[in-house]
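User: I have a chain open here and would like to go through it. Can we take it step by step?

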Amino acid sequence: PDLELVPLSQFCFAMSRNNTKVTVSEPELLNTGGSPRRKVLVLYTGGTIGMLKGPDGSLRPEPGALRQRLQKLEELNQDLFPQCYMEEFDPILDSADMCPEDWCTIASCIERHYYDFDGFVVLHGTDTMAYTASALSFMLEQLAKPVILTGSQLPLEEPLTDARSNVLRAVIFAGRADLSEVCIFFSSKLYRGNRSKKLDASSLTPFDSPNFPELAVVGTEVKIHSRLLCNPPKGRFRVHMINVTDIVVIYVVPGFADSIFDSVVNSGKVKGVVLLLYGCGNAPARKSAFLEACGKLVQAGIIVVACSQCTRGSVDIDKYAVGRAFAEKGVIAGHDMTAEATVTKLAYLLSKELSPADCKKVMAENLRGEMFSPAHTLDVSSWNNLHMSNSWTSLQSIP
């Protein structure tokens, strides 16, 4: 039988229906000794970082426990650190339970407190952190302040935890005045959020930015690669919620059944399809039905984007004849975007109610540094020489 595909929005609707609606607590001061010159809001959504061991030895969330432990961190009460206030999700979520509705809750919290704080830290589980970071990078339009996502692989209560250093360093970066984008900080490195991927399930260095250099590195000195940072915005901050997420992701494997595409077209609900193809955007040339099926999707007004299954590299659908045939059918190249950035960018654009033609046009544009842009060719190609250049900005104090 044909595979029945369930759009992402239906999946998220089922989760929302079966779980209590998320609410957020009021901000509570964590460090009375922090510098009052700058203020950071810490939003705790969930994840391993705040979990405690239950009677059976398994990890589980405990409301209020993380806040109490953070209030006891001596480092936070040094003048180097900004004053930190904390809000907590209720219920606390495992990151596997995160869905677009929760991305909107996070965005709403930032919007509500945007002019009260200098930066924001989002404590989040690692499994879907890259999706949340990518989504927020698009939803938070004209962002002029740092939004830093972090978490840990081990709970804060563990003696060898990575949580302590991740939180403290994320707070420092969130207190900066020269960062104006959504980032992930993990294990001594600051990454652009919509360039990041979780590549290791158990390592204390689970994240990487395969197609773009890290924005900052923490060693004996803390340095920011200023030439790679997003430029400050020129407009007023605003939030655009993601409310259209009828998107499916299809991972192409040898010998797959073309009939699955009929299910997508006939559903009448799917608005976007992300194809994970081989290499630089290659697909089986002998499966003419696959090519015709992609054409049917485009004719039905469905946006089809081609990404690579490879971690590194870029999609170039003009490189091979079969790829060029996809382009002629209306399939868009995802270039070097991650699957996480591609899905969330597509959901963001669909939520703006753009026409298919406009959506396809904007998908190919670099909106938040999520994809290669000719304007940044020099920055990327000269990365190996930048460690010796004066483009590094020292991070020794809060301005």
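User: What percentage of the residues in the chain is buried?
Analyst: This is a predicted model, so every value is computed from it. Buried residues make up 54% of the chain's 399 residues.

User: And how many helices and strands are there in the chain?
Analyst: The chain has 12 helices and 21 strands.

User: What about contacts? How much of them comes from residues 24 or more positions apart?
Analyst: Counting contacts with a separation of 6 or more, 77% are between residues 24 or more positions apart.

User: Switching to the surface. What is the accessible surface of the chain?
Analyst: About 17,600 Å². Carbon and sulfur atoms account for 51% of that area.

User: Now the backbone. Which residues does a cis peptide bond join?
Analyst: Asp-90 and Pro-91, with omega at about 5°.

User: Where does Pro-91 lie?
Analyst: Pro-91 is in the loop that runs between strand E6 (82-90) and helix H3 (100-113).

User: Next, Ser-187. What is its phi?
Analyst: Ser-187 has a positive phi of about 50°, although it is not a glycine. This serine sits in the loop between strand E10 (182-186) and strand E11 (189-192).

User: Why does Ser-187 count as partly exposed?
Analyst: Because its relative accessibility is 23%.

Terms used:
Residues are numbered from 1 along each chain as its sequence is written. This is a predicted model: local features need pLDDT of at least 70, side-chain atom pairs count only at pLDDT 80 or more; totals for chains, interfaces and linings use all residues. Side-chain values use heavy atoms; hydrogens and water are left out. Helices (H or I, at least four residues) and strands (E, at least two) are DSSP runs, numbered from the N terminus. Buried means under 20% relative accessible area, exposed over 50%, partly exposed in between (1.4 Å probe, protein chains only). Contact means heavy atoms within 4.5 Å. Accessible areas come from the Shrake-Rupley method with a 1.4 Å probe; for residues, only the protein chains shown count as cover.
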